Amino acid sequence: MRLFFIFMSFIFGALAPTQAGVNLRLKGFVGDPVLAAIVSFSVGTLSLLAYAYFARVSLPEGSAVLKGPWWMWTGGLMGAFFVAAAIIVAPVLGAGTMMCWMVAGQMLASVLLDHYGLIGYAVREATPARMVGALLIVIGAVLVEKF
């Protein structure tokens, strides 16, 4: 089962630069990166609603959702920033450089989130080997940027 999740991670990682390129083309038709992001999120929202309907996903009670911590509502804000920022950055840096720096940022944040067990992650110590791995990703981003 772990291999399935690794493969799934690989696939959604491959979709990130593809999504940025598709949304960049969308921006060309709607004229603004934020409007392109709105269209993209609207299509995504409709897709998820259709899935939930056909999969017969039951909705939680409104009060149950409101019991969570305030910061759980920031996921949508982060997603909106991610999509809009990718539309803005992609034509300047290109897919390869954008993705390298994005992965470097993801890796450094991930090591910190794991090390401190923040926002529900299990604690996984930032060992020297993990830190070297994260540093190698940053070095890789620098190399892709320069060459």
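## Second largest pocket

Helix α2 gives the most to the lining of the second largest pocket, with five residues. This model is predicted, with local features needing pLDDT of at least 70 and side-chain atom pairs counting only at pLDDT 80 or more, while totals for chains, interfaces and linings use all residues. Residues are numbered from 1 along each chain as its sequence is written, and side-chain values use heavy atoms, with hydrogens and water left out.

The second largest pocket holds about 200 Å³ of space. A pocket is an open set of points on a 1 Å grid over the protein atoms alone, where a 1.4 Å probe fits, with protein on both sides within 12 Å along at least five of seven lines; lining residues have an atom within 4 Å of a point. Its lining consists of Gln 19, Ser 40, Phe 41, Gly 44, Thr 45, Leu 48, Gly 79 and Val 83. Both α2 (33-54) and α4 supply at least two residues of this lining. By class, the lining has three nonpolar, five polar and no charged residues (nonpolar: Ala, Val, Leu, Ile, Met, Phe, Trp, Tyr, Cys and Pro; charged: Asp, Glu, Lys and Arg; polar: the others, Gly among them).

## Ser 40

Ser 40, found in helix α2, is also one of the residues lining the second largest pocket. Ser 40 counts as buried because its relative accessibility is 17% (buried means under 20% relative accessible area, with a 1.4 Å probe and protein chains only). Leaving aside neighbours within four places in sequence, Ser 40 is in contact with Gln 19, Asn 23, Leu 26 and Val 83 (contact means heavy atoms within 4.5 Å).

## Largest pocket

The largest pocket has a volume of about 1200 Å³, a volume being the space filled by probe spheres set on the grid points. Its lining comprises 32 residues, of which Phe 12, Phe 82, Met 102, Gln 106 and Ser 110 lie nearest the centre.

Helices α1 (2-30), α4 and α5 each supply at least two residues of this lining, and α5 gives the most, with 11 residues. The lining divides into 22 nonpolar, seven polar and three charged residues.

## Packing of α4 and α5

The axes of helix α4 (residues 74-93) and helix α5 (residues 95-116) come within 8 Å and cross at roughly 135 degrees. The contact involves Phe 82, Ala 86, Val 89, Ala 90 and Leu 93 of α4, together with Ala 95, Thr 97, Met 98 and Met 102 of α5. By class, this contact has eight nonpolar, one polar and no charged residues.

Terms used. Axes fitted to C-alpha atoms, helices over the stretch in contact; angles between N-to-C directions. Helix = DSSP H or I, 4+ residues; strand = E, 2+ residues; numbered from the N terminus. Buried < 20%, exposed > 50% of the residue type's maximum accessible area, 1.4 Å probe, protein only.
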